[in-house]
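Biologist: I would like to learn how to read a protein model. Could you take me through one, feature by feature?

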Number of protein chains: 2
Amino acid sequence: MSSIKAVKGTRDFYPDSMAFRNWLYAAIRNVSETFGYQEFEAPLIERLELYAAKSGEELVKEQSFVFKDRGGDMVVLRPELTPSLARMIASRSRELTRPIRWWSFGPFWRYERPQRGRSREFFQWNIDLLGVVSPQADAEIVAVIATFFKSLGLSPTQVRIGVNNRRFAESQLESLGIPNSANTDIFRLIDRKEKMDEVAWFEYGRKLNVSQTHLDGIQGKLKEKDVWKNSPELVEFFTACEALDIKEYVDFEPTVIRGLDYYTGTVFEARDADGSERAILGGGRYDNLVGDVGGEPISGVGFAMGDVVIKLVLEKYGHIPELKPSPVDILVTTFDESLQENALTLATEIRNSSFKVEWYPQASRLSRQLKYADKQGIPIVIILGPEEVEASCVTIKDLRGRTQEKVPKDKLFKYLERLLEQQNG
Amino acid sequence: MSSIKAVKGTRDFYPDSMAFRNWLYAAIRNVSETFGYQEFEAPLIERLELYAAKSGEELVKEQSFVFKDRGGDMVVLRPELTPSLARMIASRSRELTRPIRWWSFGPFWRYERPQRGRSREFFQWNIDLLGVVSPQADAEIVAVIATFFKSLGLSPTQVRIGVNNRRFAESQLESLGIPNSANTDIFRLIDRKEKMDEVAWFEYGRKLNVSQTHLDGIQGKLKEKDVWKNSPELVEFFTACEALDIKEYVDFEPTVIRGLDYYTGTVFEARDADGSERAILGGGRYDNLVGDVGGEPISGVGFAMGDVVIKLVLEKYGHIPELKPSPVDILVTTFDESLQENALTLATEIRNSSFKVEWYPQASRLSRQLKYADKQGIPIVIILGPEEVEASCVTIKDLRGRTQEKVPKDKLFKYLERLLEQQNG
């Protein structure tokens with residue numbers, strides 16, 4: 001009997017992994033809301049033309065799920081959110097009051113080789129501040145990241161946020177006498193600096209036709225960790241980081257460039273401190289993104305974080321709490337067939353008093369029902385046998401302390417309230 | 001300048017419509033959890049073979065987004081959840097303790113003509129109780145629906161749940177001397193009873209080669225609203241509805257059949273009481289669904305509810321609360337360029353005291369910043385001008401009462417707490 005497999009690179013979220021996804025989503029919501037960002041969501045499929053404007057060639061031509069729908073239109077399972085964000089802003093450009101602070105958490109698809117830290121269907125947090133151009137706005141977005149890390153228990157010795165500025169990087173290259181026309185290649189080269197050993201990096205540089213003098217010059221610049229002090233924009237940025245109380249997480253990092261073409265100013269990237277995993281997230285400032293899809297030009301700053309790498313980093317540092325998939329703390333058992341209706345009525349009464357209650361829906365052996373509660377992490381089990389019905393009471397087993405008590409029906413709700421306070425206290 | 005359009009039948013969730021979707025999701029979560037159901041989620045794309053087993057022909061062949069991925073596999077944007085649920089249960093059949101109570105809320109796609117109550121990309125609540133075969137289990141799922149309606153303020157005069165049983169319907173047809181081989185056609189005919197006038201219905205029946213005697217017999221049966229009392233299973237079902245305290249929402253409805261082939265016992269459907277909108281939701285009991293995708297046979301009962309029709313019904317009866325898209329109640333303004341850093345520091349301090357705070361990220365005219373707060377529904381605005389800095393205080397404007405007060409910095413947090421209690425109290 002051969003069973004049907006899931007699509008390669010997709011994930012089944014059983015209740016235990018769904019509990020993690022929800023926990024992460026709640027942490028994301030919490031920090032996004034703390035800074036005043038409003039949740040939105042775009043469609044999960046978009047027309048191919050939307051990506052022609054700005055996304056990297058590789059992303060759409062090689063890594064996207066593209067197909068012709070029944071009406072003949074070319075449709076893409078969205079590989080990133082920013083083009084949809086631009087389309088949405090453009091189509092309501094007049095009504096939307098600036099500043100626009102928006103976030104979302106939803107599914108994306110990329111046809112890449114599934115590997116550690118990467119799946120073909122993944123979830124991504126996107127957050128953007130649009131309509132304001134200032135180093136302070138850039139710093140706020142970085143503060144969202146730092147506050148998020150802090151809220152998860154990730155300390156500045158475990159995770160770091162590296163910041164650079166593309167305009168400043170360009171001026172640095174200029175000061176070395178490198179022509180602007182070479183910038184795309186040089187940025188690619190700088191982007192690889194931390195990912196290659198020195199010999200390979202120099203070889204790569206020579207392959208890109210960069211002279212030995214320029215290579216030496218670039219290498220020298222990338223070591224100057226205080227050079228940002230020559231950039232008024234970066235100075236303002238780091239001053240704002242102090243006002244935002246997040247300086248301890250942030251470094252000037254001249255090797256951070258980010259791949260996407262549309263970044264124009266501040267760029268940043270967060271990693272685990274030992275750099276052993278892929279980047280946790282990356283982002284930066286972009287200009288005129290909305291203009292490219294047919295709206296009034298608007299500038300913004302934002303980032304995207306996938307759900308896969310952050311999970312690896314949280315696991316590595318032991319920051320994932322124990323999550324119980326069952327949402328209830330009370331199980332009402334069914335003693336036997338003849339008392340099934342009584343059990344159902346009891347569960348309903350308890351539920352109508354604002355408790356979450358699961359009812360064991362058949363007359364199995366009691367030991368089996370207790371084992372079920374134990375396995376689901378449900379601490380309180382209620383038994384209603386013939387004796388209890390006779391005496392207008394119930395038996396309550398507390399599986400945490402393995403204690404058991406008979407409680408009169410008219411004192412039941414108070415008793416449960418007290419037990420659950422212990423649970424949560 | 002032509003702007004790029006969204007894919008037909010998809011929706012943009014701007015913060016206001018996202019607030020509704022989140023409100024609905026929270027109500028769904030609340031009732032699902034109240035009965036002990038655990039949230040899960042399947043991949044959003046599945047292999048075509050998965051749907052070959054059981055989904056209606058029409059659903060996959062005519063209404064699904066199907067495409068060949070870059071690896072050559074035929075992939076479907078899922079049109080329904082049940083086949084994925086079956087696959088997931090089958091692949092962990094041994095580890096999963098029964099009863100299995102699972103729910104989810106996620107996106108689905110159907111290539112249909114977009115119209116009132118229907119979009120091509122929509123969200124759906126799915127909930128299932130697996131591993132138990134009993135009228136009480138069926139009744140619990142119906143109780144989830146009734147409790148959901150109640151929690152939204154929908155009364156039994158506004159919405160009704162019609163219940164039938166396919167086995168009982170079959171026995172009724174048998175009693176009329178109709179051969180079993182005709183059941184598929186007759187079920188289709190019964191399904192249309194409420195959707196056609198009498199003349200058209202009889203004509204449709206004759207087209208299906210049903211004799212006049214049988215048509216008269218069926219019409220007669222469909223009027224007998226008490227005939228369920230002859231079915232021990234339906235009697236047990238309605239008794240359980242009483243124990244579950246939901247009888248007021250539920251009717252025996254012999255015309256409810258449901259389209260999908262896999263239902264075998266209890267079937268049900270919820271509608272607005274005047275029947276003017278499409279069905280809100282439908283579901284029923286199915287046997288052996290998991291067996292069909294290669295696992296141990298397991299029986300279940302469940303339903304699916306889309307997000308579009310329920311919204312129309314809630315609007316019709318005025319049950320959608322006012323939802324404020326901004327998550328914060330406090331805006332810290334920027335008085336002028338020279339005090340921007342001070343404003344940012346103040347916002348950070350308030351945030352670090354566990355308040356949600358938005359910072360106005362540039363030195364615009366104060367009237368403009370106040371207008372922004374008003375438009376976003378943010379009630380409390382904090383002003384930090386040169387006077388306030390001098391006197392170590394802030395000015396707090398309460399936009400609800402249009403009052404304003406100077407508050408010393410060291411009393412600020414207490415003051416805000418008190419203001420927000422008023423807000424929520």
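Predicted model: local features only at pLDDT ≥ 70, side-chain atom pairs only at ≥ 80, totals over all residues.

Biologist: What rotation superposes chain B on chain A?

Modeller: Copies are superposed by least squares on the C-alpha atoms of residues with pLDDT of at least 70 in both. Here the rotation is 180 degrees, with 0.0 Å of shift along its axis and an RMSD of 0.1 Å. The two copies are therefore related as by a two-fold rotation axis. In chain B, the C-alpha nearest that axis belongs to Phe67(B), at 3.0 Å.

Biologist: Through which surface do the copies meet?

Modeller: Contact means heavy atoms within 4.5 Å. Of the interface residues of chain B, 98% are also interface residues in chain A, so the copies meet through the same surface.

Biologist: How many aromatic pairs are there over all chains?

Modeller: Rings of Phe, Tyr and Trp (its six-membered ring) pair if their centres lie within 6.5 Å; planes under 30 degrees apart count as stacked, over 60 as edge-to-face and the rest as tilted. A search of the whole structure finds 43 pairs. Take Phe355(A) and Phe413(A): their centres are 6.4 Å apart and their planes at 35 degrees, so this pair is tilted. Phe355(A) is in the loop between α12 (340–352) and β13 (357–359) of chain A, and Phe413(A) is in helix α15 (residues 412–424) of chain A, so the pair ties together parts 58 residues apart in sequence. Helices (H or I, at least four residues) and strands (E, at least two) are DSSP runs, numbered from the N terminus.

Biologist: Which kind of pair do Phe65(B) and Tyr111(B) form?

Modeller: That pair is edge-to-face, with 5.4 Å from centre to centre and 75 degrees between the planes. Phe65(B) is in strand β3 (residues 65–68) of chain B, while Tyr111(B) is in the loop between β5 (100–109) and β6 (121–130) of chain B. Phe65(B) is buried at 3%, and Tyr111(B) is buried at 17%.

Biologist: Where does the charged end of Arg92(A) sit?

Modeller: A charge sits over a ring if NZ of Lys or CZ of Arg is within 6 Å of the ring centre and within 35 degrees of the ring normal. The end of Arg92(A) sits over the ring of Tyr14(B), 3.8 Å from its centre. Within chain A, Lys193(A) lies over the face of Trp201(A), 4.8 Å from the ring centre.

Biologist: Which residues of helix α8 of chain A are buried?

Modeller: An α-helix has 3.6 residues a turn, so residues three or four places apart point the same way. In α8 (residues 198–207), the buried residues are Trp201(A), Phe202(A), Tyr204(A) and Gly205(A). They fall within an arc of 160 degrees, so they line one face of the helix. The arc is that of the directions from the helix axis to the C-beta atoms. These buried residues pack against α7 (183–191) and α9 (212–223) of chain A. The face turned away carries the exposed residues Val199(A) and Lys207(A).

Biologist: What caps the N-terminal end of α8(A)?

Modeller: Asp197(A) does: a side-chain oxygen lies 3.2 Å from the backbone nitrogen of Val199(A). Just after α8(A), Asn209(A) takes a positive phi of about 65 degrees.

Biologist: Which residues does Arg87(B) touch?

Modeller: Arg87(B) is in helix α4 (residues 82–91) of chain B and is buried at 5%. Leaving out residues up to four places away in sequence, Arg87(B) touches residues of both chains, including Ile4(A), Asp12(A), Glu46(B) and Val293(B).

Conventions. Residues numbered from 1 in each chain as written. Chains lettered and ligands numbered in written order. Heavy atoms only, no water. Buried < 20%, exposed > 50% of the residue type's maximum accessible area, 1.4 Å probe, protein only. Polar contact = N/O pair within 3.5 Å; in protein donor to acceptor, adjacent residues only side chain to side chain.
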